[in-house]
Every structure is written in C-alpha cells, then in structure tokens.
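The following note concerns the pockets and helix packing of the structure shown below.

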Amino acid sequence: MATERIICAGFGGQGVMSMGMLMTYAGMLEDKEVSWLPSYGPEMRGGTANCAVTVSSTPVGSPIITDDATTAIVMNLPSLIKFEKDVVEGGKILVNSSLIDQKVERTDVETYYVPANEIALELGNAKVANMVMLGAYLEITKTVEVESVLEAFKKVFGPSKEKFVPLNKSALERGAAAVK
C-alpha cells in the first residue's frame with residue numbers, strides 16, 4: 001500500500017479526533033505503520049480541531065503533515081479554507097456538504113461532496129456525521145478495512161459503547177454509498 005497522509009478537520013465536537021483515532025487504531029490492527037497527531041484550538045467545544053493521520057506499509061518518519069496530505073476530510077468551511085492548499089496534486093478532498101456550501105477551488109485534486117449531517121440525521125443520530133465521512137473516505141481509498149474500524153471502535157471507546165457499533169456500521173456504509 002502507498003502511504004496515506006490524511007488531515008481530518010472541523011470544529012471541536014464534530015468527531016474529527018475520533019475519526020483519526022479510529023483510522024490509526026484500525027491500521028495498527030492490520031499491522032500497518034501509523035501515526036496520529038492531534039491539534040486543538042483553545043476552546044473545549046466549537047473551537048478548531050484537526051488531526052494528522054498517517055497509515056503506511058513502511059515506517060512513518062514524521063507525524064507532521066504540512067503541505068503533503070494525500071487527503072483532507074473537512075467538516076466545516078474554516079477547515080476547507082485552511083487545509084485545501086495542503087493536499088498534494090492528485091490528492092483527495094472530502095467535503096461535508098451539509099455545512100459547506102463553498103466549492104473546492106482547486107482543479108488538480110479529486111473532490112467529493114458528502115452530505116454527512118443529513119445522512120447522520122436520517123440514521124437518527126447527528127453525532128455519526130464523522131463516521132459517514134470516514135465511510136466515504138474508506139470507500140474511495142481502501143486505506144483500512146471497515147471491519148478493522150469497527151473493531152477499533154470497541155477498543156477505543158470500550159465495552160460501554162459497543163451498543164453503538166451497529167449505528168456506526170450503518171453510518172460507514174451510508175458514507176460509502178454516497179461516493180459510489
């Protein structure tokens with residue numbers, strides 16, 4: 001597999017850190033080399049939040065992603081504005097079109113518009129919008145297996161949250177369907 005360098009970004013509370021942790025942990029379960037580097041704004045919720053995730057078949061030299069992301073998953077407009085320039089030519093930008101009505105300006109990247117919040121509401125829980133975006137990303141890139149993400153969910157969030165695995169699996173599937 002090629003090295004995937006992903007920026008997940010949005011407001012605090014949108015689950016961007018969880019999305020990154022799940023990809024990282026799923027990569028570990030698949031014996032891949034991984035890194036996860038969180039970055040928070042000063043606010044607890046509603047401030048900026050992003051993380052840099054690297055999943056690779058070779059050792060990861062640095063967790064920092066500045067202008068060499070292969071993909072950006074953006075959940076809000078400030079994140080699109082901030083990180084659009086950091087994706088390499090030929091890379092991918094996944095846009096939460098529920099909250100972002102602006103189009104990606106670049107023409108040298110693949111762009112996917114996913115109505116993550118609407119899909120999450122259709123599933124009955126607004127909190128799974130991040131999983132919808134993750135499902136779309138996994139469908140496009142196949143970086144890790146969906147089953148690994150679901151196993152990672154159990155490990156990361158513990159036994160008390162396992163009851164949410166079916167909902168999160170549905171969110172991943174709906175996200176994948178949105179980009180097919």
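1. The second largest pocket is lined by Ile7, Leu37, Pro38, Ser39, Asn50, Cys51, Ala52, Ile64, Ile65, Lys82, Phe83 and Asp86. Two or more of these lining residues are supplied by each of β2 (33-40), β3 and α2 (77-83). The model is a predicted one, and the remarks here should be read accordingly.

2. The space in this second largest pocket amounts to about 150 Å³. By class, its lining comprises eight nonpolar, two polar and two charged residues.

3. The largest pocket holds about 810 Å³ of space. It is lined by 33 residues, of which Gly13, Gly15, Ser18, Lys127 and Asn130 are the closest to its centre. Elements contributing two or more residues to this lining are α1, β3 (48-56), α4 (129-141), α5 and α6 (165-178).

4. Within the lining of the largest pocket, α1 provides the largest share, with five residues. The lining as a whole consists of 17 nonpolar, twelve polar and four charged residues.

5. Turning to helix packing, two packed helices are described by the angle between their axes and the distance between the axes. For helix α1 (residues 16-29) and helix α5 (residues 146-157), the axes come within 8 Å and cross at roughly 110°. The two helices are therefore roughly perpendicular. Their crossing is right-handed.

6. On the α1 side of this contact lie Ser18, Met21, Leu22, Tyr25, Ala26 and Leu29, which meet Ser148, Val149, Glu151, Ala152, Phe153, Lys155, Val156 and Phe157 of α5. Ten of the residues in the contact of α1 with α5 are nonpolar, two are polar and two are charged. Ser18 of α1 takes part in this contact and is also listed among the residues closest to the centre of the largest pocket.

7. Helix α5 also packs against α6: the axes come within 11 Å and cross at roughly 150°. This crossing, too, is right-handed.

8. In the contact of α5 with α6, Val146, Glu147, Val149, Leu150, Phe153 and Lys154 of α5 meet Val165, Asn168, Lys169 and Leu172 of α6. These residues divide into six nonpolar, one polar and three charged.

9. Which α5 residues deserve attention in both contacts? Val149 and Phe153 are among those that meet α1, and Val149 and Phe153 are likewise among those that meet α6.

Methods:
Residues are numbered from 1 along each chain as its sequence is written. This is a predicted model: local features need pLDDT of at least 70, side-chain atom pairs count only at pLDDT 80 or more; totals for chains, interfaces and linings use all residues. Side-chain values use heavy atoms; hydrogens and water are left out. Axes are lines fitted to C-alpha atoms, for helices over the stretch in contact, and angles run from 0 to 180 degrees between N-to-C directions. Helices (H or I, at least four residues) and strands (E, at least two) are DSSP runs, numbered from the N terminus. Angles under 35 degrees count as roughly parallel, over 145 as roughly antiparallel, 65 to 115 as roughly perpendicular and the rest as oblique. A crossing is left-handed if the near helix is turned anticlockwise from the far one by less than a right angle, and right-handed if clockwise. Contact means heavy atoms within 4.5 Å. Ala, Val, Leu, Ile, Met, Phe, Trp, Tyr, Cys and Pro count as nonpolar, Asp, Glu, Lys and Arg as charged, and the others, Gly among them, as polar. On a 1 Å grid over the protein atoms alone, a cavity is a set of points where a 1.4 Å probe fits but cannot get out, and a pocket is an open set with protein on both sides within 12 Å along at least five of seven lines; lining residues have an atom within 4 Å of a point. Grid points are joined across faces, edges and corners, and a volume is the space filled by probe spheres set on the points.
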